[in-house]
Amino acid sequence: MNVWDTPEVQALGEARLKLMREAAEKCKGKTGMERLDIFLEYGEKLSEGGQLPPEEQKALLAAVAASLPKEEQAQLAQIMAMLGL
């Protein structure tokens with residue numbers, strides 16, 4: 001299943017989906033810390049200065065994860081599980 005087709009991601013609306021796709025595209029070919037910087041930058045844009053609700057945090061992380069190589073996706077999934085996300 002494509003991460004963009006999940007109900008959680010689709011429920012965010014087109015404007016936020018566009019930002020998430022942009023963030024995922026910018027993450028391609030970046031190192032872990034560079035991706036984290038992009039995640040923080042776009043998290044701020046998505047939340048419009050406030051805090052993202054947990055379901056939107058998960059959707060953003062899923063979008064970022066989609067840009068990672070398969071082995072890094074598995075590592076991120078483990079970290080997210082440990083953090084309860």
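Trainee: Which residues form a nonpolar patch on the surface here?
Mentor: In this predicted model, the nonpolar patch on the surface is formed by Met-33, Leu-36 and Leu-40, which together have about 310 Å² of accessible area.

Trainee: Where is the place of Met-33?
Mentor: Met-33 has its place in helix α3, the element that covers residues 32-47.

Trainee: And is Met-33 buried or exposed?
Mentor: Met-33 counts as exposed because its relative accessible area is 59%, and the cut-off for that class is over 50%.

Trainee: Switching topic, how many helices and strands are there in the chain?
Mentor: The chain has five helices and zero strands, and read from the N terminus its elements run α-α-α-α-α.

Trainee: How many salt bridges does a search of the whole structure find?
Mentor: The search finds one salt bridge, in which the side chains of Glu-25 and Lys-28 meet at 3.2 Å, N to O.

Trainee: Why do Glu-25 and Lys-28 count as partly exposed?
Mentor: Glu-25 is partly exposed because its relative accessible area is 49%, and Lys-28 falls into that class because its relative accessibility is 48%.

Trainee: One more, what share of contacts between residues at least 6 apart in sequence join residues at least 24 apart?
Mentor: Of those contacts in the chain, 45% join residues at least 24 apart.

Technical notes. Residues numbered from 1 in each chain as written. Predicted model: local features only at pLDDT ≥ 70, side-chain atom pairs only at ≥ 80, totals over all residues. Heavy atoms only, no water. Patch = residues over 30% accessible without salt bridge, like charges linked within 9 Å, V, L, I, M, F, W, Y side chains within 5 Å. Areas by Shrake-Rupley, 256 points an atom, 1.4 Å probe, with all protein chains shown as cover. Salt bridge = Lys/Arg side-chain N within 4 Å of Asp/Glu carboxyl O. Helix = DSSP H or I, 4+ residues; strand = E, 2+ residues; numbered from the N terminus. Buried < 20%, exposed > 50% of the residue type's maximum accessible area, 1.4 Å probe, protein only. Contact = heavy atoms within 4.5 Å.
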